[in-house]
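Let's take a walk through the charged residues of this structure.

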Amino acid sequence: MSQVKQHPPASPSALNRRAALKLLGSGLALTLSSCGRPHEEIVPYVEMPEGLVPGVPMKFATTLALAGYGRGALAISVDGRPIKIEGNPRHPASLGATDVFAEAEIMSLYDPDRAKAPRTKDDVVTWDAFAQALFAQMQQEKARHGAGLRIVTGRITSPTLLRQINALLTQYPEARWYSYEPISDDAAFDGSMLAYGRRLAALPRLADAAVVLSLDADPLGAGPRQIADARAFSQRRTRQAQPFLRLYTVEPEWTLTGANSDHRLALHPDLIRNFALAVTAQMQGENAPDLPDPVAHFAKICADDLKANKSKALVLVGRRQPPELHALGHWLNAQLNAPVDFIAPADGNPLGDAQALQTLSRDLDDGRVETLAIVGANPVYDTPADLGLAHKIGKVAFSVHLGLHENETADQCSWRLPMSHTLESWSDLRAFDGTASIVQPLILPLYDSRQAHDLLGLMAGTIAPSAYDLVRQTWQAQRSGGDFDTWWKQTLHDGVVANSAAARVATGAPKRPDVKPAQAARGLSLLLGADPSVWDGRFANNAWLQECPHPFTKEVWGHGIYLSPGDARRLNIADRETIEVWHDSASLRAPARVREGQADGVIAVELGYGRTRAGAIGNGIGVNAYPLRTTASPWLISDVSLRGTGEIRNVPLLQHNFDLEGDGKDLYPVLTLAELAQGKQPPDHDYENRPTLYAKVNYDSYAWAMVIDTSLCIGCNACVVACQAENNVPVIGPEEVAMGRDMHWLRVDRYVPDPERPPGFQPVPCMHCEQAPCEPVCPVAASVHDGEGLNAQVYNRCIGTRFCQSNCPYKVRRFNWFGYADGQEYADLGADSVRASHNPDVTVRGRGVMEKCTYCIQRINRARHHAEIVDQPIPDGAVVTACQAACPTRAITFGNRNSKASAITALRREPHHYALLGHLGTRPRTTYLARLRNPNPAMQEKAQA
Amino acid sequence: MTEVLLAEFPGAAALLETARKARPAGYRPLDAFTPFAVEGLAEAVGARGSHVRVAMFIGGVAIAAMAYATEYFSAVIDYPINSGGRPLNAWPAFMLFPFAVGIFGAAVSGLIALFMHSGLPGLHHAIFAVPGFERVSQDAFLLALDSPRDEAELQRARDWLREAGALAIWEIKT
Amino acid sequence: MSLQAEPPEIERWTEPPGRSYLAISELVAAPLLERRQWRWRAWWIAFGIASGLTLIMAICMSWLFATGVGIFGNNTTIVWGLPIADYVWWIGIGNAGTLISSMLLLMRQRWRASINRFAEAMTLFAATIAGLFPIMHLGRPEYFYWLLPYPNTMVVWPQWRSALIWDFWAISSYILFSILFWYVGLIPDLATLRDRAKTAFPRSFYGALALGWRGSARHWYFYEHYHLTMACLAVPLVVSLHSVVGMDFAASLMPGWQESIFPPYFVVGAMYSGFAMVVLLTALVRWGFNLQPLITAEHFNVMAKIMLAASIIMGLSYLTEWFAAWYHGERAERWLVGFEFTGGYAPVYWCMLLFNCIVPQLFWFVRIRCSIVAVVVIAILINVGMWLERIEIVWNTLSHDFLPSMWRIFIPTFWDWALLFSSLGFFGFLYLLLARIFPMVSMHETRRLIYEESHQ
């Protein structure tokens with residue numbers, strides 16, 4: 001059992017009188033009865049009667065960080081317990097939507113494995129004890145002007161924290177602050193240096209684009225900008241969009257952007273620069289580097305299309321591409337007069353991530369580091385192996401780690417301090433575009449934890465003001481006149497600091513970089529990337545995210561090493577065969593996943609797994625790819641060796657079959673704009689006019705219905721995790737999943753309707769069929785229909801015959817084979833803290849009963865109550881299901897199909913509207929809009945030729 | 001006080017023949033005892049038509065009707081629910097429950113009728129006292145005649161039975 | 001179908017040593033009363049094994065109820081698994097007994113006399129065991145009684161449209177009916193045992209159960225009435241029972257289940273496996289109780305013919321399924337047939353076809369039909385094949401239905417297998433006990449048989 005899982009003291013023997021007293025002090029025996037709202041006044045997002053009404057959920061605007069950038073959120077709190085995260089419509093990085101990471105913050109907050117009290121290597125201590133030790137240490141530092149003081153953090157955009165750090169650095173002139181992100185944007189910033197001579201962050205405006213070429217860029221993939229970019233993209237991809245955006249993607253492995261593009265080309269990372277050069281040449285009428293025919297053709301067509309759409313054309317370059325390619329991208333965009341803005345980066349990190357880490361490593365080598373404070377970062381785990389920080393940090397005499405968990409780094413530090421979760425903290429953050437917003441706590445710290453502000457305050461040595469005061473000071477200083485308290489209240493309420501977005505920087509014409517064509521790589525290259533579920537590994541102990549399926553492989557609880565079918569054949573590797581990949585001394589052992597659409601000659605693996613000190617959930621899941629990483633080339637390791645072991649393992653998958661052979665295509669209709677214009681309709685378009693023997697049931701009050709636009713679904717899974725959080729859906733663990741079981745009420749099916757084209761995504765909640773096959777087969781009437789057309793499941797009546805699921809053509813029902821939430825939880829998920837995350841409006845299901853999507857009936861009822869109070873019908877848009885609220889692209893619409901005016905009625909009249917398996921006569925209430933594509937005719941001609 | 005003349009015959013055939021002849025010959029056959037069912041014997045000893053089947057029919061139909069009534073009451077009157085948009089009174093689906101229990105009902109009512117007719121269960125009976133009667137359940141074939149009152153008649157009956165092939169004859173008073 | 005067994009070539013269904021009323025009583029009753037003429041050691045060994053398996057079954061059930069139905073291999077897509085297949089298989093076996101007694105009685109198949117009794121006993125136990133499986137397969141087995149219509153605090157009633165409700169009642173009625181049918185048929189023989197008993201206890205025991213049967217012509221008269229009518233009712237009941245089992249699947253909209261052929265096809269399947277099991281038991285009883293005089297090779301010959309007919313009908317049913325899938329045109333139906341032959345369970349499917357349709361064709365040869373060993377071996381294969389058919393029906397459809405995204409494969413767990421095999425042991429346990437207490441052959445019907453044989 002890993003140390004992380006132990007609640008201090010490490011063992012009963014360690015519990016002497018002294019430790020026991022400290023235990024009392026450190027509030028370990030904390031029970032959730034002590035949940036409470038913070039002392040300081042926090043401001044609810046919607047006006048509420050004085051005081052808190054028991055059981056009535058309140059929304060508070062706050063901000064959540066991903067890779068240091070803020071994403072606005074409205075946290076729903078019931079009786080002082082935050083239970084759900086929703087987006088903040090006023091925040092530019094949220095726009096009312098969320099991503100998987102934001103949704104999962106609830107689980108992080110209640111994670112039983114969180115660090116609970118300050119500890120030294122072998123003892124539980126109090127904060128006072130630490131403060132004393134720190135004070136002494138800082139005295140020494142003062143003597144040498146902080147020459148031995150080093151602060152290591154992740155990306156920091158918090159104005160307050162930056163203010164504190166700068167103050168500290170002036171106080172200790174010799175001290176140094178290093179910040180880095182494992183998922184680094186160095187290349188992009190260096191690119192802007194090359195092109196503009198300044199460190200700039202580019203903000204492409206997808207909403208203003210008509211043609212976009214993505215060179216291994218992934219605006220739609222996970223990241224701090226995902227929601228904003230996805231929303232902008234979706235605005236250009238509806239039937240009404242004028243113009244309808246056309247997306248070309250050139251990438252070595254599948255990204256969500258590639259999956260959502262109209263034309264995609266799988267290309268070895270080294271060749272992408274050649275492709276870019278070919279595009280440039282074609283646009284400039286120069287002679288291109290020689291490329292294989294299809295690639296050259298693709299480049300030509302892209303170039304023509306871009307050129308034809310000047311000022312509406314955009315070239316995006318991914319973080320994994322070298323700086324000069326970014327520079328070339330800037331230059332091309334300048335030629336195209338592309339819709340892209342530039343701002344000064346929001347983080348105060350002058351030197352890039354790589355350089356920061358290298359300097360730190362050098363300082364450690366030279367033994368210059370006496371006092372090391374690591375705040376929220378995990379360098380022992382997530383820094384390139386060639387720096388060897390893992391060993392060096394342990395050697396520092398006085399090292400402090402402040403983090404949510406006692407992770408790999410804490411394990412090397414002399415002081416391991418518990419950090420408060422964002423939802424327990426006062427702070428402020430800037431979004432990718434510089435917009436600032438306040439982080440306000442929803443709950444008192446569950447454990448004896450502090451936050452970064454407090455630690456820096458202690459280091460500054462003064463009697464530190466509380467984080468609350470610090471944040472207020474920061475903003476008060478920037479306010480000239482006006483009533484600050486009113487402004488403060490308003491800002492807390494809105495969750496955004498009004499017009500704080502960074503000013504657009506006027507850039508001169510970019511320099512055209514001198515990019516040399518690359519040689520086609522000889523050996524096998526290994527491509528690294530951020531993980532869609534655990535990002536860089538910081539979410540590895542989050543059960544919801546571990547069980548959140550990979551968008552493409554649908555794998556959970558781990559990852560594979562991806563090969564192209566060509567390479568698999570060449571190296572004679574079978575799918576799911578355990579393979580070994582090594583480079584120099586480092587090596588990986590993981591199951592191979594052979595996937596179509598992966599470039600030949602490159603294998604890919606995601607970072608963020610193989611944690612050893614993550615906790616009961618994350619330990620030992622997947623393999624750690626950081627050891628193969630080098631500072632010089634953080635993303636692409638060339639000339640790796642690979643060998644199969646012949647052992648085929650059963651990987652936990654939530655979807656096993658992706659192909660739609662033959663007429664299976666009808667299950668996922670894809671229409672081009674041209675076909676739509678010719679009046680082509682998807683099959684099962686007029687499913688409601690099919691003959692039936694049954695008398696029509698008329699729903700005279702409300703008739704709830706959902707329409708899902710598959711051309712807007714980018715496959716980000718936000719809805720899946722949102723549903724899980726809202727409806728207390730249990731996590732069942734890898735073993736159960738490997739048996740073919742799962743509990744997600746909402747799944748996102750990925751289909752490949754045409755091997756030549758990118759796949760598509762199809763979210764599948766319960767269809768709430770009007771002639772539901774599940775209902776007449778239930779012997780005890782546990783599956784029944786309500787007066788508004790909802791297909792309801794009566795948990796306490798269900799005896800678990802499972803006839804309903806076997807007769808459900810959509811297979812959307814989920815069965816509690818064990819007491820997944822009822823005494824037989826996975827790992828430590830039965831802990832009280834996890835129970836605290838439950839939504840009190842939703843029953844926690846017991847063993848042996850069937851459950852499924854309810855259309856968030858608790859939300860319908862809340863809307864009904866409000867409507868009844870004012871004695872009005874429920875207005876359109878008053879009921880927003882959890883999946884709908886989460887969706888960054890607004891692909892999900894819910895409403896009352898009885899009202900002619902409702903949005904849903906309009907969508908159901910769309911020409912590409914259809915019902916899944918409508919021909920079975922189930923008359924589903926959940927229906928779809930077919931996926932629309934905007935292929936370039938020129939490309940078609942080639943295909944025919 | 002009745003007197004019974006009990007005669008054992010070598011086989012079912014002889015017994016049956018005698019039983020048939022008895023009435024014309026002026027004797028009143030009361031009953032016969034055989035180790036297995038012999039066709040026509042019952043009629044010969046004057047067993048009257050049975051109501052077993054009538055009882056089974058009535059019982060079966062009654063139970064089936066009750067079953068359907070239960071279904072109708074619960075699904076249409078007492079707690080009507082929309083189940084997959086199907087009609088409340090889904091008679092084709094409602095048929096099988098009445099059918100199954102109806103048949104069982106018929107079986108039970110038939111058993112009751114059988115017992116009432118044949119006086120079973122009745123563990124004690126005078127005839128068990130007859131020596132060797134236990135062989136009736138194995139290989140003995142007995143015919144019971146209402147024995148004449150006066151001595152001469154009785155003697156004639158004995159002779160008649162002997163001619164008919166009786167192996168042994170008893171007189172029982174009950 | 002199986003009812004069209006041609007009239008036997010020879011008119012006599014007994015061997016000389018069994019052709020006297022007394023001999024019959026001797027043969028059948030002696031083992032029970034005098035413990036003579038049967039294989040004690042064999043019985044004890046068999047009983048030991050059966051008890052062991054029964055214990056395992058008890059363990060399985062305890063673990064199941066303690067841990068949850070998740071111990072089986074079921075998953076989100078294939079929510080029904082082995083227990084359902086086991087249930088259909090057992091209920092099929094549970095059909096043959098009543099079938100032989102009633103249908104053959106009505107068809108005037110006199111040879112049934114010497115085998116119907118233990119066939120009926122088989123029915124009782126098989127049907128009872130079958131009834132256990134659906135309950136064990138429930139998520140919350142403790143509430144199975146909610147299928148009963150009784151006024152309850154939830155004020156809800158059973159949902160009568162569900163095939164599971166039909167099933168519940170069909171099985172309950174069938175089991176109770178079969179008990180009556182079996183017991184009434186037993187009464188005259190109980191009287192025989194009463195009268196042959198030498199010691200007090202057996203006399204009073206059998207005496208009480210015999211209800212004072214005197215073999216009076218009147219008794220026989222009403223008894224015949226009742227028994228014959230029961231036979232007439234039993235036939236539709238048996239047919240309806242397995243039709244309902246078929247409708248557990250057919251009354252759905254899943255590919256491969258939603259087929260109008262299912263009810264008759266299930267009935268035939270039931271008779272098929274039922275007869276196979278009867279053949280097995282006939283051989284065992286014949287050997288164990290030395291009943292060669294009453295159970296002749298000719299009996300096996302006839303039953304082999306019935307199984308042959310049944311196997312041909314099964315083959316036709318399969319053909320019909322494939323044709324229907326193609327003719328129906330529903331994408332999922334066609335996918336399914338392809339999956340049956342080439343998918344994850346293909347080997348099982350091929351084995352099933354071999355055992356159910358190919359192997360039994362050997363019965364065309366009279367030498368095979370008259371070799372008891374051969375008939376028994378083939379009967380065993382048929383029983384295996386029929387179990388395979390049931391599991392194929394359950395998991396093929398569920399593994400491969402409308403949405404490819406949810407296609408999955410079922411992998412049975414240890415508990416799946418343990419429950420299946422231990423249930424066989426439990427059956428043996430009950431059956432061996434019964435064989436110790438009640439006559440395995442209907443004495444009065446056999447007496448009548450030899451009487452009629454000698455007077456035709």
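Asp663(A) has a relative accessibility of 40%, so it counts as partly exposed. This model is a predicted one, and in it Asp663(A) sits in the loop between strand 22 (636–648) and strand 23 (670–672) of chain A.

Now let's turn to charges that are paired. Over all chains, the structure holds 76 salt bridges. One of them joins Arg144(A) to Glu141(A), with the closest N and O atoms 2.8 Å apart. Are these two partners buried or exposed? Arg144(A) counts as partly exposed because its relative accessibility is 27%, while Glu141(A), at 0%, counts as buried.

Another salt bridge runs between Arg150(A) and Asp363(A), whose closest N and O atoms are 2.7 Å apart. This pair links distant parts of the chain, 213 residues apart: Arg150(A) belongs to strand 4 (residues 149–153) of chain A and Asp363(A) to helix 11 (residues 353–365) of chain A. Both Arg150(A) and Asp363(A) are buried.

Glu253(A) and Arg320(A) also meet through their side chains in a salt bridge, at 3.0 Å from N to O. Glu253(A) and Arg320(A) are both buried.

Finally, Lys59(A), Lys84(A), Glu86(A), Glu103(A), Glu726(A) and Arg859(A) are joined into one network by salt bridges that share partners.

How values were computed
Residues numbered from 1 in each chain as written. Chains lettered and ligands numbered in written order. Predicted model: local features only at pLDDT ≥ 70, side-chain atom pairs only at ≥ 80, totals over all residues. Heavy atoms only, no water. Helix = DSSP H or I, 4+ residues; strand = E, 2+ residues; numbered from the N terminus. Buried < 20%, exposed > 50% of the residue type's maximum accessible area, 1.4 Å probe, protein only. Salt bridge = Lys/Arg side-chain N within 4 Å of Asp/Glu carboxyl O.
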